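Here are a few notes to read alongside the model, written as numbered points.

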Amino acid sequence: MALLASAVAGPAGTVSGTRIARRAPVVCDGWPPSVQPLLQRLYASRGATTLELARPRLAQLLPPEGLLGMAQATALLAEAIAQDQHIVVVGDFDCDGATACALAVRGLVLLGARHVSPAVPNRMVHGYGLSPALVEELDALKPDLLVTVDHGIACHAGIALAKAKGWKVLVTDHHLPGERLPVADAIVNPNQPGCGFPSKVLAGVGVMFYVLMALRRALRQAGGLPSPEPDLTTLLDLVAVGTVADLVPLDANNRALVSAGLRRLRAGQGCAGLNALIEVCGRQAARLTASDIGFAIAPRLNAAGRLEDMALGIACLLSDDPQAAREMAQVLHGINAERRGVQQQMTDEAEAAIARLAASEGQAPVAVCLFDADWHPGVVGLVASKMKDRLHRPVIAFAPAEPGSTQLRGSARSIPGFHIRDALAAVDARHEGLIPRFGGHAMAAGLTLALEDLPAFRDAFLAYTQQSLDQALLQHELLSDGELLGSEFDIQHAMALRDGGPWGQGYPEPLFDGCFDVLDWRVLSERHLKLVLRLEGQQAPINAIHFGGWRGDAPPSRLRLAFRLCPDDYRGGTAIQLIVEHHEAA
């Protein structure tokens with residue numbers, strides 16, 4: 001195995017430990033008595049100073065007409081429906097792209113389309129998005145209109161080829177555009193130049209849901225809606241899953257969408273595929289949270305796109321047969337287990353390379369580039385994310401696009417305050433032609449690269465990082481909501497915290513800190529630290545677990561913890577437990 005790992009070292013004395021900091025308290029009045037004081041404090045500290053902001057409803061959604069290109073998009077779709085044209089919805093091979101594809105197919109059929117087909121690139125065969133290779137394969141479907149979901153804004157060559165074949169193309173996307181836009185017939189993307197839509201953080205599935213809302217209104221005005229009028233809220237389960245999975249910030253608009261989708265899933269009203277995935281994950285639908293979506297449902301959908309073909313994930317989401325959906329969910333579950341094994345091996349290799357690097361440099365790295373010729377391109381994003389979390393540094397991991405290929409695919413992950421997509425754009429501007437293709441967001445991006453250009457890219461990226469990254473950002477900071485009162489360590493408050501969300505990116509799940517006496521401890525699965533604690537002034541012991549928190553030594557008798565308060569579903573009843581994020585001697 002030949003592993004390349006390079007970094008730029010920070011100045012002498014750079015420290016990269018974890019520090020607990022507390023959010024500034026925000027006091028606001030006027031809350032209804034039904035909202036617990038603890039939740040009032042948490043909502044206000046996240047900028048939601050009224051119940052309407054804290055728990056937004058669908059009636060508060062921003063109007064779809066605010067999205068640039070919406071009139072052209074709805075005209076294309078209305079024409080295709082009226083003329084019974086073949087609409088091919090081209091998804092992407094991640095959870096956002098899969099849910100957006102299923103949403104578009106289901107929604108267009110609800111609105112009267114009779115000839116709609118899903119399609120999705122195979123990561124190993126077609127590469128990302130609407131590539132020329134995928135367009136050539138779609139020729140057999142004889143489409144009249146292509147609708148891209150969760151991609152397209154950077155697919156210039158593929159869209160140009162589709163147009164040359166005489167097809168119309170509607171791009172729905174949310175990724176940041178480059179200097180020029182593709183030659184599509186219509187583009188709906190809140191981040192395209194000139195779009196005044198207030199929320200720039202819609203996921204790909206959210207953008208497509210907005211297109212469907214606008215199309216329903218246009219068809220209603222033209223007298224072309226099926227009877228009875230289609231209820232698009234039945235699709236919000238897909239919107240919730242894709243939005244949470246893509247880690248877009250949960251602003252008020254996204255929280256309204258996710259909350260409504262979670263309500264459907266908790267009521268057992270999700271599509272057959274999502275219900276089956278909830279079941280195979282071992283979760284209870286009635287207690288489902290955004291965290292369950294992010295850590296259980298989304299990985300099983302993503303695994304299909306990472307290791308095999310996301311067509312299976314989309315088929316699961318489109319199935320209306322519970323038994324067939326269960327069978328596909330079981331296959332996805334198995335693929336995810338395989339993915340976890342591949343990821344663990346690659347992560348172990350990355351950690352070994354970084355340990356060698358740290359030993360040779362003698363200082364903490366500012367940024368890391370990793371490559372191994374045997375790595376799987378569908379898993380490098382997970383490795384980059386894991387290494388970013390452990391190092392609190394920007395990390396880019398590369399793998400061959402396919403075995404033996406000299407074309408590399410890279411996934412980049414960053415830390416708050418360092419915009420990784422802009423960093424790639426800066427490198428591309430300084431070294432024209434070095435990066436054939438890139439795109440993404442502030443915290444995550446992807447790129448392609450020739451193997452022979454990897455050393456040059458590594459040097460250019462690390463030089464830019466050294467120049468641009470504020471050293472203060474390298475201190476990992478856990479933002480705490482402060483201490484809990486002794487009376488708040490109970491099941492009522494734990495359930496209120498669980499149900500008070502959805503919590504997520506940009507609207508973080510509540511995290512508290514405090515000091516506890518350690519009454520007992522043990523190690524689970526050689527990695528996890530199980531604790532029995534006592535809070536000063538309280539007699540009842542409190543159970544806690546720190547996943548991955550075993551450090552090889554007995555914990556001190558008194559600890560300061562950063563933790564989440566949760567119901568203990570394993571014990572049931574009124575039992576609670578603390579999920580520990582960080583522990584240190586008190």
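1. Let me begin with the charges: the structure holds 27 salt bridges, a salt bridge being a side-chain nitrogen of Lys or Arg within 4 Å of a carboxyl oxygen of Asp or Glu. Please keep in mind that this is a predicted model, in which local features need pLDDT of at least 70 and side-chain atom pairs count only at pLDDT 80 or more, while totals for chains, interfaces and linings use all residues. Residues are numbered from 1 along each chain as its sequence is written, and side-chain values use heavy atoms, with hydrogens and water left out.

2. One of these pairs joins aspartate 513 to arginine 560, with the closest N and O atoms 3.2 Å apart. Aspartate 513 belongs to strand E14 and arginine 560 to strand E17, so the pair ties together parts that are 47 residues apart in sequence. Helices (H or I, at least four residues) and strands (E, at least two) are DSSP runs, numbered from the N terminus. Aspartate 513 is buried at 2% relative accessibility, whereas arginine 560 is partly exposed at 22%; buried means under 20% relative accessible area, exposed over 50%, and partly exposed in between (1.4 Å probe, protein chains only). Both residues belong to a salt-bridge network that links Arg22, Glu483, Asp513, Arg560 and Glu584.

3. Now the sheet. Five strands close into a barrel, ordered E14-E15-E16-E18-E17, with mixed pairing; two strands pair if DSSP finds at least two bridges between them. On average, neighbouring strands of this sheet are turned by 50 degrees against each other, direction ignored.

4. How do E15 and E16 run relative to each other, parallel or antiparallel? Strand E15 (residues 528-535) and strand E16 (residues 542-546) are antiparallel and joined by five bridges, with leucine 529 opposite histidine 546. Their hairpin has six residues between the strands, and there glycine 537 takes a positive phi near 85 degrees. E16 pairs with E18 in the parallel sense over three bridges, and here asparagine 543 stands opposite glutamine 577.

5. Helix H17 (residues 491-499) lies across strands E14 (512-524), E17 (558-567) and E18 (576-585), at about 70 degrees to E17. Axes are lines fitted to C-alpha atoms, for helices over the stretch in contact, and angles run from 0 to 180 degrees between N-to-C directions.

6. H1 and H17 pack at about 30 degrees with their axes 10 Å apart. Leu38, Leu39 and Leu42 of H1 make the contact with His493, Ala496 and Leu497 of H17, where contact means heavy atoms within 4.5 Å. The buried residues of H1 (residues 37-45) include Tyr43 and Ala44, and after this helix comes glycine 47, whose phi is positive, near 90 degrees.

7. Finally, do look at helix H10 (residues 272-280), where seven of the nine residues are buried. Those buried residues pack against helices H8 (236-245), H9 (252-266), H11 (290-307), H12 (311-318) and H13 (322-361). Glycine 282 follows H10, with a positive phi near 75 degrees.
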